[in-house]
Amino acid sequence: FAQRGGTVEIVPLGRYAFYPDSLMLKDGFGIGAELGLFVTRRLSLEVAGSYAVTSLPDSTSVGGSRLSGRFLVHLPLQGRTSALFGIGYTTARYTRALSLDEAGPGGLVGLRFGLGPRVGLRLEATADYVAPSGSIADPEWDLGAQVGFSMYAGRLGPRDSDRDGVPN
């Protein structure tokens, strides 16, 4: 069965963030989630958020949250495996010892390995080209690697409008 328009994908995930050098933050792990809505079998709209606690060189704690919206293309490969390509926009906010907001365009590449009709494993890399809000500072790359457990909700497979067991 394949996803189709109207199918919802929910992905709790773990993320490893590689912060821009100018922030002097320690790279590290965080948690997050993605929520996608399939417009067609191969195109979805997705919102993703994550949160991590990291630190400055003097060990002062910094909280980092990010929110991304993107268009995601799902290209079938072999069996239940799909390649993922996304483009969108990301905002990041740092709190506690650092007060900073960043925003900019971003992208995602990854793979989804289907473990069953409604579940799968997503492996992804993200790259966001962000700059501090209201600043003339040059944008920098904010990178991440993430692993998530993908779950589909809603109807799967091709449409059968008249419910006769034969797809449209």
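Visitor: How many helices and strands does the chain have?
Guide: Zero helices and eight strands. Both are DSSP runs, numbered from the N terminus: helices are H or I with at least four residues, strands are E with at least two. This is a predicted model, where local features need pLDDT of at least 70, side-chain atom pairs count only at pLDDT 80 or more, and totals for chains, interfaces and linings use all residues. Residues are numbered from 1 along each chain as its sequence is written, and side-chain values use heavy atoms, with hydrogens and water left out.

Visitor: In what order do the elements run?
Guide: From the N terminus on, β-β-β-β-β-β-β-β.

Visitor: And what do the eight strands close into?
Guide: A barrel, in the order 1-2-3-4-5-6-7-8, with antiparallel pairing. The twist averages 25° from one strand to the next. For that angle, axes are lines fitted to C-alpha atoms, and angles run from 0 to 180 degrees between N-to-C directions. Two strands pair if DSSP finds at least two bridges between them.

Visitor: How many bridges join strand 1 to strand 8?
Guide: Nine, and the two run antiparallel. Strand 8 covers residues 140-153. Leu-13 stands opposite Gly-148 there.

Visitor: Which residue is the partner of Leu-13 in strand 2?
Guide: Gly-32 is its bridge partner in strand 2. Strand 1 (residues 8-18) and strand 2 (residues 28-38) pair in the antiparallel sense over ten bridges.

Visitor: Moving along. What joins strand 2 to strand 3?
Guide: A hairpin, through four residues. Eight bridges join the two antiparallel strands, and strand 3 spans residues 43-55. Ile-31 stands opposite Tyr-51 in strand 3.

Visitor: Which residue has a positive phi in the turn between strand 3 and strand 4?
Guide: Ser-59, at about 70°. That hairpin has five residues between its strands. Strand 3 and strand 4 pair in the antiparallel sense over 13 bridges. Val-47 has Gly-69 as its bridge partner in strand 4.

Visitor: How many bridges join strand 4 to strand 5?
Guide: 15, running antiparallel, with strand 4 at residues 61-76 and strand 5 at residues 81-96. Val-62 has Arg-96 as its bridge partner in strand 5. The two strands form a hairpin with four residues between them. Gly-79 in the turn has a positive phi of about 65°.

Visitor: How many residues lie between strand 5 and strand 6?
Guide: Three, in a hairpin. Strand 5 pairs with strand 6 (residues 100-114) in the antiparallel sense over 14 bridges. Phe-85 stands opposite Val-109 in strand 6.

Visitor: Where do side chains point in a regular strand?
Guide: They alternate between the two faces of the sheet.

Visitor: New topic, aromatics. How many pairs?
Guide: The count comes to five aromatic pairs. Rings of Phe, Tyr and Trp (its six-membered ring) pair if their centres lie within 6.5 Å; planes under 30 degrees apart count as stacked, over 60 as edge-to-face and the rest as tilted.

Visitor: Why is the pair of Tyr-16 and Phe-29 edge-to-face?
Guide: Because the planes stand at 75°, with the ring centres 4.7 Å apart. The pair links distant parts of the chain: Tyr-16 sits in strand 1 and Phe-29 in strand 2, 13 residues apart.

Visitor: Are those two buried or exposed?
Guide: Tyr-16 is partly exposed, at 27% relative accessibility. Phe-29 is exposed, with a relative accessible area of 66%. Buried means under 20% relative accessible area, exposed over 50%, partly exposed in between (1.4 Å probe, protein chains only).

Visitor: What about Tyr-129 and Trp-141?
Guide: They form a tilted aromatic pair, 4.8 Å centre to centre with 45° between the planes. Tyr-129 is in strand 7 (residues 119-132) and Trp-141 in strand 8, twelve residues apart. Tyr-129 is partly exposed, with a relative accessible area of 35%.

Visitor: What share of contacts join residues at least 24 apart?
Guide: 55%, among contacts between residues at least 6 apart in sequence. Contact means heavy atoms within 4.5 Å.
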